[in-house]
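Here is a short note for someone opening this entry for the first time. Please read the points with the structure in view.

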Amino acid sequence: MDYIRNEYQVILDRKKEKAEGSYTAYLFEQGIDKILKKVGEESAETIIASKNNNKEETIFEITDLLYHLLVMMAYQGITPDDIDEELAKRAAKRGNLKEFHKVDKNS
């Protein structure tokens, strides 16, 4: 998680500085629609790489997806700590298969 927190901080810095030539700054400049488009594209590419059973490509695409998710989070003011807290809540509920299926059907 340290790397994710470090990357998130770099993203916040790019958001604040709006450094010329920065891809991250470009995404913030373009707004949430562009950021979400990239999240969607990277999600699809991750699915395809995994479906093709290509571990190396899947890792590459997951990394791209994670980066774009972090940009989306920064745009919306969601922190890695927010995600940690939600994961902790879910960990406390583990083993409840009935609840899992209930959530799974709604997604």
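1. A term comes first: a crossing of two helices is called right-handed if the near helix is turned clockwise from the far one by less than a right angle, and left-handed if anticlockwise. By that rule, helix 1 passes helix 2 in a right-handed crossing. The model is a predicted one.

2. The crossing involves residues 2-17, which form helix 1, and residues 23-30, which form helix 2. Their axes lie 8 Å apart, and the packing angle is about 60°. Angles from 65 to 115 degrees would count as roughly perpendicular and those under 35 as roughly parallel; helix 1 and helix 2 are therefore oblique to each other.

3. Which residues make the contact? Helix 1 contributes Ile11, Arg14 and Lys15, while helix 2 contributes Thr24, Ala25 and Phe28. By type, the residues of this contact between helix 1 and helix 2 comprise three nonpolar, two charged and one polar.

4. As for the chain as a whole, there are six helices and zero strands. Read from the N terminus, the order of elements is α-α-α-α-α-α.

5. How much of the chain is buried? The chain has 107 residues, and 25% of them count as buried.

6. A last point concerns contacts along the sequence. Taking the contacts in the chain with a separation of 6 or more, 61% are between residues 24 or more positions apart.

Notes
Residues are numbered from 1 along each chain as its sequence is written. This is a predicted model: local features need pLDDT of at least 70, side-chain atom pairs count only at pLDDT 80 or more; totals for chains, interfaces and linings use all residues. Side-chain values use heavy atoms; hydrogens and water are left out. Axes are lines fitted to C-alpha atoms, for helices over the stretch in contact, and angles run from 0 to 180 degrees between N-to-C directions. Helices (H or I, at least four residues) and strands (E, at least two) are DSSP runs, numbered from the N terminus. Angles under 35 degrees count as roughly parallel, over 145 as roughly antiparallel, 65 to 115 as roughly perpendicular and the rest as oblique. Contact means heavy atoms within 4.5 Å. Ala, Val, Leu, Ile, Met, Phe, Trp, Tyr, Cys and Pro count as nonpolar, Asp, Glu, Lys and Arg as charged, and the others, Gly among them, as polar. Buried means under 20% relative accessible area, exposed over 50%, partly exposed in between (1.4 Å probe, protein chains only).
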